[in-house]
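Dear colleague,

I am handing over the structure we spoke of, and my notes on its packing and backbone follow below. Please read them with the coordinates open beside you.

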Amino acid sequence: MEATTPTTAALPAPASRKRQDLTRFAAIIGTLLLLNFVAQRFFFRLDLTQEKRYTMSDATKKLLSTLKQPVTITVYLTGDFPPNFRRLEQGVRETLNEMQVYGGGNLNFIFIDPSAAGTEAGRNKFYETLFKKGLKPTNLGANENGKRVEKIIFPWAVVQAGGQTRNVLLLRGSQVASPAERLNQSIEGLEYELASAIRQVAPPGGAKRRLGVITGHGELTNPEMADILTAWSQNYDVFRVDLNQVKDLRGNLDAVVIAKPTGPYSEQDKFRLDQFITHGGRALFFVDALRVDLDSVSRNGAALATPYNLNLDDLLFRYGVRLNPDLLLDLNCGQIPLVTGVTGNKPKIEPLPWQLYPLINRFSPNPITRNLDAVYLKFVGNIDTVKAVGIRKTSLMTTSRYTRRLPAPVPINFNDARLEPNPKLYQNSYQSVGYLLEGTFRSLFANRAIPGTTQYQPDQNPNAAPSKILVISDGDFLRNDVDPKSGRPFRLGFDRLANTEFANRELILNATDYLLDETGLIAVRGKQITLRPLDKVQLADHRRPWQALNLGAPLVLLAAFGAVRAWRRKRRYARFA
């Protein structure tokens, strides 16, 4: 028998192994270059967060992708901040980075630290420059590791394009919210605030929407509405409209404003409004149910608040709401100046709470009022809803828990402010004072003759179109105060006694955008980011184990990876030894 000799596997030639390694390396490099090329040509991102916090809305993408001129955004919110404040700065950076993806070369941004000057004099000089631009600093505080940290910051961005400039306040949210909640609300609103400013300085083109302010019934005058008229004019074409001279509003306007009428609407005027709304026109009603004459109160010491005769009750009733003839008193209220004594030869004047001036900070999550600060109302009444088929009714804001309703006629006396209110009388909690109505409205004049003619309106209008209506039961909601010295109007919502600016202006602008913005950009205000705070007590109790885990786990994993890799190499090449 012939014996066989065992053979060993032939080792690959060194040149062959070198070619294999070079081929593998070239393939890896080529794949990376190909992926990089594809990533540049076809952009995509994956947002795995539950609330899609890093996803731009379609309206914002369209606005940015159609920019026709360069837009520069200068952000002054940067510097050595505590962690909570850095979160807002990081949110601004992330939002702008995402916007730049869609804006391309037409969108650029820079961050400037206002406190970066080497000397105090230089820093103060730069602060002065920002003051002149209307950028006011904010002194924020936070508790970090049991210590109180305060920092003066400028939470502003300035958006510039084509000679137009808009200042954007980045720190928003309700004043009654905690610092963490307010920062979170600010982050939620970043996309809308920045996109809205970009739309103002670089409008996408096309004709502006047309806004008509109704006159002829004792409505507010231009000086009394100067601030909101100026704000509206930045985005819309604004006109004063006399219903006696404009017989048909359709085709001429996109929305109308009824601002504190004091005289009655004729049936013809009401018919023109009705036809405008039922054919798809938008409307904003700021209407008082009761007449309050403060001049009479000042002269006589007291007066009665009595119902207006505006002849609008049946129109609003058909659309789904009723303005009740009453006044609401709220313990959460503003102030009025009253003489409380005499100092020397001069009367001593002090601000005292006035329950007839409610401060509202209870809002619905609707984009119009989401994350809004408090608003200021004067002599406001309750709004009820009534049946209106096909109309969606949203209560936008309500009074506080401690509210009292007084039916007409209501005695008005400044001396009531000197009295201590009895909380037991304030049992009419959470009264609605603002409503949003949406749907296809049925005409008040259906199956009726057109006023002044014998022509009857059909029961179902074949040309009816969906519309939106805002109703607020306070005609003074959009009235601005006027500086008695200079004659210049204050910003809407500014209270001289409290030296505070309330959010009346912001609410009206949000509502106008909601009613007229066909792009859907206003819906971005509904974006919600959920706070998931850590339990600080548990964090303090278990701090050491978690620190050890965070430091030790990566080292253990690295050592395990090295051991496994060494074992595999040894097993793979041992047979060639």
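In this predicted model, the largest nonpolar core has 75 residues, and those with the most contacts inside it are Ile 73, Ile 198, Trp 232 and Leu 478. Helix H6, residues 190–201, supplies the largest share of this core, namely seven residues. If residues up to four places away in sequence are left aside, Leu 478 touches, among others, Met 225, Ile 228, Trp 232, Phe 286 and Ile 508. There is also a second, separate core of 35 residues, which includes Val 321, Ile 383, Leu 444 and Val 471.

Helix H3 (residues 83–103) packs on H6 at an angle of about 50°, the two axes being 10 Å apart, and H3 is therefore oblique to H6. The crossing of the two helices is right-handed. On the H3 side the contact is made by Gly 91, Val 92, Thr 95, Leu 96 and Met 99, and on the H6 side by Leu 190, Glu 191, Leu 194, Ala 195 and Ile 198; these residues divide into seven nonpolar, two polar and one charged.

As for the backbone, most residues other than glycine have a negative phi, and most peptide bonds are trans. A cis peptide bond, with omega of about 0°, joins Ala 408 and Pro 409, and Pro 409 lies in the loop between strands E21 and E22. Phe 379 has a positive phi of about 50° and is buried, with a relative accessible area of 8%, whereas Asn 447, whose phi is near 65°, is partly exposed at 48%.

Best regards

Technical notes:
Residues numbered from 1 in each chain as written. Predicted model: local features only at pLDDT ≥ 70, side-chain atom pairs only at ≥ 80, totals over all residues. Heavy atoms only, no water. Core = buried A, V, L, I, M, F, W, Y, C linked by side-chain atoms within 4.5 Å. Buried < 20%, exposed > 50% of the residue type's maximum accessible area, 1.4 Å probe, protein only. Helix = DSSP H or I, 4+ residues; strand = E, 2+ residues; numbered from the N terminus. Contact = heavy atoms within 4.5 Å. Axes fitted to C-alpha atoms, helices over the stretch in contact; angles between N-to-C directions. Parallel < 35°, antiparallel > 145°, perpendicular 65-115°, else oblique. Left-handed = near helix turned anticlockwise from the far one by under 90°. Nonpolar A, V, L, I, M, F, W, Y, C, P; charged D, E, K, R; others polar.
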